[in-house]
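Okay, thanks for coming, everyone.

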Amino acid sequence: MPNSAGLSATLPAMRILENEHRYLSFLMQEWHMIVLSFEQDDLPGEEEARRRIRELRRLILDFQIPLAKHTQKEEEHFFPLLGSYIGFEQGPLVGIQEEHVEIDGYLGHFLHHTAGDLELLPLAKMISAVKDAGEAFEILTVHLVKEEAVIFPMAETQLSELDHKRLFSRMNTLIT
């Protein structure tokens with residue numbers, strides 16, 4: 001059951017990851033609004049589209065920093081520890097780690113296709129590039145829910161008390 005902060009984890013290491021998810025979700029909402037404006041054909045013209053692309057690029061570049069730090073914590077500390085309990089070959093960790101790569105790919109694809117002189121980028125190409133940012137948002141949204149609904153509760157029940165303490169000491173760092 002979620003506590004007053006809306007977090008469902010009871011162990012400190014999992015609460016840290018959940019708090020990071022809240023922060024990442026907040027940042028995602030900022031750039032997702034721009035993605036939606038492209039999807040809803042709410043563009044007055046190419047100049048406004050370019051202005052929005054510039055802002056979207058800035059927000060995604062800023063977002064990638066805490067996302068990379070969060071992902072690194074999970075990949076270097078959390079997943080290997082949980083995997084030593086539940087295995088690495090199949091199961092939820094495999095899919096979650098694949099999603100990390102997929103998210104990075106979509107964000108990277110958007111940034112690649114919007115790099116350089118935006119004055120040379122036609123509206124159709126801008127719209128196409130923004131779809132990659134939208135895909136990243138969709139995958140990330142489901143990804144965070146899966147981690148909180150499946151992976152985090154699994155860790156809470158599977159890890160030993162000593163491993164929980166070790167994990168907390170490794171997770172207790174900032175992603176900003």
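Before I point at anything, one definition: I call a residue buried when its relative accessible area is under 20%, exposed when that area is over 50%, and partly exposed in between. And keep in mind that what you see is a predicted model.

So, let's start with rings. Phenylalanine 79 comes out at a relative accessible area of 1%, so we call it buried. Phenylalanine 78, at 0%, is buried as well. In general, you describe a pair of aromatic rings by two things, the distance of the centres and the angle of the planes.

How many aromatic pairs does a search of the whole structure find? Four. One that I like is tryptophan 31 with phenylalanine 137, which is edge-to-face, with 6.0 Å from centre to centre and 85° between the planes. Tryptophan 31 sits in helix α1, residues 12-39, and phenylalanine 137 sits in helix α4, so this pair ties together parts that are 106 residues apart in sequence. Both of those residues, tryptophan 31 and phenylalanine 137, are buried. Now back to phenylalanine 78 and phenylalanine 79: their ring centres are 5.6 Å apart and the planes make an angle of 45°, so that pair counts as tilted. There's also a cluster here, one aromatic cluster formed by Trp31, Phe63 and Phe137.

Searching the whole structure gives 13 salt bridges. I'll show you a few.

Go to helix α2, residues 46-86. Glutamate 46 and arginine 50 meet there through their side chains in a salt bridge, 2.9 Å from N to O. The two are four residues apart in α2, which means about one helical turn between them.

Lysine 146 and glutamate 99 form a salt bridge through their side chains, at 2.2 Å from N to O. Lysine 146 is in helix α4 and glutamate 99 is in helix α3, so here the pair ties together parts that are 47 residues apart in sequence. On accessibility, lysine 146 is partly exposed at 34%, and glutamate 99 counts as buried at 11%.

Last stop, the surface. Which residues gather in a patch of negative charge there? They are Glu39, Glu98, Glu102, Glu135 and Glu138. Helix α3, residues 92-113, and helix α4, residues 123-158, each supply at least two residues of that patch. Take glutamate 102 as an example: it lies in α3, and its relative accessibility is 36%, so glutamate 102 counts as partly exposed. Patch members need over 30% relative accessible area and no salt bridge.

Key:
Residues are numbered from 1 along each chain as its sequence is written. This is a predicted model: local features need pLDDT of at least 70, side-chain atom pairs count only at pLDDT 80 or more; totals for chains, interfaces and linings use all residues. Side-chain values use heavy atoms; hydrogens and water are left out. Patches are made of residues with over 30% relative accessible area and no salt bridge: like charges are joined within 9 Å, nonpolar side chains (Val, Leu, Ile, Met, Phe, Trp, Tyr) within 5 Å. Accessible areas come from the Shrake-Rupley method with a 1.4 Å probe; for residues, only the protein chains shown count as cover. A salt bridge is a side-chain nitrogen of Lys or Arg within 4 Å of a carboxyl oxygen of Asp or Glu. Lys and Arg count as positive and Asp and Glu as negative; His and the chain ends are not counted. The place of a charge is taken as NZ of Lys, CZ of Arg, CG of Asp or CD of Glu. Buried means under 20% relative accessible area, exposed over 50%, partly exposed in between (1.4 Å probe, protein chains only). Rings of Phe, Tyr and Trp (its six-membered ring) pair if their centres lie within 6.5 Å; planes under 30 degrees apart count as stacked, over 60 as edge-to-face and the rest as tilted.
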